[in-house]
Amino acid sequence: MKTCALVGAADFNAADFVARREAGAFDFVIAVDAGFAHLEGIGVAPDMAVGDFDSLGYVPKCRRVSRHPVKKDKSDMELAMEKAVDWGHGELVVYGALSGRLDHTIANLQLFAKFSERDVLVTGIGDDFAVRLLTGPDVFELPSAVEEGRVSVMSANDMAQGVIERGLAYSLDDEPLSNRTSRGLSNELTGEEATVAVEEGTLYVFYPLR
């Protein structure tokens, strides 16, 4: 499965990006509008730039540029994620999408769920946390390198069914989880192997990067 990194305009976890890139985790890198400046700042030339470039302030020089009008029905991030999937990438790692304007963050989380429901593996990277989308039936094993910290599991649907949490301080055992509750917030890693599963529906699994 090919993996594409997308870099948006919000706060950029450059250290995580560089570590994954040096480990060979990315097959393709897309700069999303002002995300181009983030990459330029660390000396990385993306494979493609997508956007209307109103935030960047200029049309970047890049191997591939997909320019769109400012007045449009889809955000630059949605257009970039569509481009990544159209180019055959089954896993997306998204940077610069989870801080700054709250409305942009919510819109991006909605996009993450949309693409997860299209059988795309989606992970959003924040400053010290990540969010993995999980669409049932599926199981997610949290990274073993992270042994402590808080894990939050929330439903992206009206009701997710068959939610299971194992290896955390508080367990869920084949239970429903609504998107109108705070249940699932701030569970804790215990140093054991931790997994989250869902039978039907889509979950946001927030977990620490370190």
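**View A. A salt bridge joins Asp-47 and Arg-63.** Their closest N and O atoms are 3.2 Å apart; a salt bridge here is a side-chain nitrogen of Lys or Arg within 4 Å of a carboxyl oxygen of Asp or Glu. Asp-47 sits in the loop between α2 (35–41) and β3 (48–51), and Arg-63 in the loop between β3 and β4, so the pair ties together parts that are 16 residues apart in sequence. Helices (H or I, at least four residues) and strands (E, at least two) are DSSP runs numbered from the N terminus. The search of the whole structure finds nine salt bridges. The model is predicted: local features need pLDDT of at least 70 and side-chain atom pairs count only at pLDDT 80 or more, whereas totals for chains, interfaces and linings use all residues. Residues are numbered from 1 along each chain as its sequence is written, and side-chain values use heavy atoms, with hydrogens and water left out.

View B. Nine residues from domain 1 and eight from domain 2 take part in the contact, meaning heavy atoms within 4.5 Å. About 700 Å² is buried between the domains, and carbon and sulfur atoms give 57% of this area. Buried area is the accessible area (1.4 Å probe) that two parts lose on being put together, summed over both. Leu-109, Ser-116 and Glu-117 supply 48% of the area that domain 1 buries against domain 2, more than any other three residues.

**View C. Polar contacts cross the interface of domain 1 and domain 2.** The rule finds five residue pairs in polar contact, both residues at pLDDT 80 or more, but zero salt bridges. A polar contact is a pair of N or O atoms within 3.5 Å; within protein, one must be able to donate a hydrogen and the other to accept it, and residues adjacent in sequence count only if both atoms are side-chain atoms. On the side of domain 1 that touches domain 2, the elements giving two or more residues are α4 (102–116) and β6 (121–125). Helix α4 gives the most, with five residues.

**View D. Ten strands form an open sheet with mixed pairing.** The strand order is β4-β3-β2-β1-β5-β6-β7-β14-β9-β12; two strands pair if DSSP finds at least two bridges between them. The edge strands, β4 (65–67) and β12 (187–188), each pair on one side only. Strands β1 (residues 2–7) and β5 (residues 89–95) run parallel over six bridges, and Glu-91 in β5 is the bridge partner of Thr-3.

View E. Most residues other than glycine have a negative phi, and most peptide bonds are trans. Pro-137 belongs to the loop between β7 (129–135) and β8 (138–141).
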